[in-house]
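Hi there,

Here is the structure I promised to pass along. Have a look at it first, and then read on for my notes.

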Amino acid sequence: YNDGNVLGICCWVSDDLVNWSEPKVCFDATKHWGDVNFWAPEVVYHNGKFVMHYTARISKNDRTLYLGVATSDSPEGPFVDVWGKPMFDLGYSTIDGSVLVTDEGNYFYYSRDCIQNIVNGIKTSQIYCVELDDTLTRAIGEHKLMTTPEFDWELKSQSYGKLWNEGPNVIKVGDKYVMNYSANHYATNRYAICIAQSDSPLGPWVKHPEANPVLSCREELFGAGHNAFFMSKE
């Protein structure tokens with residue numbers, strides 16, 4: 001959100017998921033480390049705090065994208081950045097952070113963005129995971145590769161010289177872990193929502209060819225990409 005005076009992230013409020021309030025700035029980015037390209041916020045409630053992970057650039061002259069974290073006592077904000085800097089700096093762009101809280105641990109999924117990730121000569125976005133401490137604000141342990149573009153339905157953007165696995169969101173269903181993610185170029189009608197499954201939050205992840213993509217663009221539907229599971233209050 002940028003109206004010329006306020007740069008930040010907005011939220012909307014609804015009682016029925018049909019009728020929504022006017023947007024309210026819940027995170028004022030002008031007070032924090034980022035400068036441009038604030039996107040992909042995701043908020044979870046944990047240990048009495050609302051925790052938002054988001055993506056930003058430090059400046060318009062720095063191509064690297066970073067993941068930040070902010071907390072609030074209310075889902076409507078104000079969210080305040082925890083560290084005054086990115087959560088971590090791995091020397092390349094990271095975007096689309098998403099949290100899974102389990103009894104075994106807390107897991108943070110994100111995309112290693114294709115602008116600074118070359119795989120077999122092609123700029124490639126891949127999904128990684130790192131564990132978080134119990135505040136969900138600090139990464140602990142090793143950053144591990146989860147998925148990479150490999151099947152026909154994920155390779156539709158090779159003509160652009162780039163491939164994508166991004167926008168991960170993981171939930172546990174029974175004894176399985178289910179990941180929604182996006183594939184292909186976000187600015188084309190090839191952009192699609194896909195699904196993978198695992199017995200463990202750290203994989204290996206299985207992408208079933210007969211099930212993917214679960215949602216892709218059609219003439220009347222454009223931009224079927226970054227998404228998340230959620231539960232209604234009922």
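How many aromatic pairs does the count come to? Before the answer, one caveat: this is a predicted model, so please read everything below as computed from predicted coordinates. The count comes to 13 aromatic pairs.

**Aromatic rings**

Let me pick out two of these pairs. The rings of Phe27 and Tyr54 have centres 4.8 Å apart and planes at 45°, so this pair is classed as tilted. The two residues come from distant parts of the chain: Phe27 belongs to strand 2 (residues 24–28) and Tyr54 to strand 4 (residues 49–57), with the partners 27 residues apart. Both Phe27 and Tyr54 are buried.

The second pair is Trp164 with Tyr186, and its geometry is edge-to-face, at 6.1 Å centre to centre and 90° between the planes. This pair also links distant parts of the chain. Trp164 sits in the loop between strand 13 (162–163) and strand 14 (165–173), while Tyr186 sits in the loop between strand 15 (176–183) and strand 16 (192–198), and the two are 22 residues apart. Trp164 has a relative accessible area of 2%, so this residue is buried.

Phe27 and Tyr54 turn up again in an aromatic cluster, which they form together with Trp33, Phe38 and Tyr66. There is a charge over a ring to look at as well: Arg112 lies over the face of Tyr92, 3.6 Å from the ring centre.

Four strands make up an open sheet with antiparallel pairing, in the order 7-8-11-12. Its edge strands are strand 7 (94–101) and strand 12 (139–147), each of which pairs on one side only. From one strand to the next, the twist averages 25°.

Here is how the strands pair, going across the sheet:

- Strand 7 runs antiparallel to strand 8 (residues 106–112), and the two share six bridges. Val99 has Phe108 of strand 8 as its bridge partner.
- Strand 8 and strand 11 are joined by seven bridges, again in the antiparallel sense. Tyr109 is bridged to Cys129 in strand 11.
- Strand 11 and strand 12 are antiparallel too, with five bridges between them.

Why is strand 11 described as largely enclosed by the rest of the structure? Six of the seven residues in strand 11 (residues 126–132) are buried, and that is the reason for the description.

Asn106 in strand 8 deserves a look too. With a relative accessibility of 6%, Asn106 counts as buried. A polar atom of its side chain lies 3.3 Å from the backbone oxygen of Asp133. The Asn106 side chain also makes a polar contact with the side chain of Asp134, at 3.4 Å.

**Cysteines**

How many disulfides does a search of the whole structure find? The search comes back with zero. Cys10 is in no disulfide, and the nearest cysteine sulfur belongs to Cys26, 6.9 Å away. Cys10 counts as buried, because its relative accessibility is 16% and the cut-off for buried is under 20%. Cys129 is in no disulfide either: the nearest cysteine sulfur is that of Cys194, at 19 Å. Cys129 counts as buried as well, with 1% relative accessibility.

**An exposed proline**

Is Pro78 buried or exposed? Pro78 is exposed, since its relative accessible area is 63%. This proline is placed in the loop between strand 5 (65–72) and strand 6 (80–81). Its C-alpha atom is separated by 4.9 Å from that of Cys26, although the two residues are 52 residues apart along the chain.

That is what I have for now. Happy browsing, and do write back with any questions!

Best wishes

Definitions and conventions. Residues numbered from 1 in each chain as written. Predicted model: local features only at pLDDT ≥ 70, side-chain atom pairs only at ≥ 80, totals over all residues. Heavy atoms only, no water. Pairing = 2+ DSSP bridges. Axes fitted to C-alpha atoms, helices over the stretch in contact; angles between N-to-C directions. Disulfide = S-S within 2.5 Å. Buried < 20%, exposed > 50% of the residue type's maximum accessible area, 1.4 Å probe, protein only. Phe/Tyr/Trp six-rings, centres within 6.5 Å; stacked < 30°, edge-to-face > 60°. Lys NZ or Arg CZ within 6 Å of the ring centre and 35° of its normal. Polar contact = N/O pair within 3.5 Å; in protein donor to acceptor, adjacent residues only side chain to side chain.
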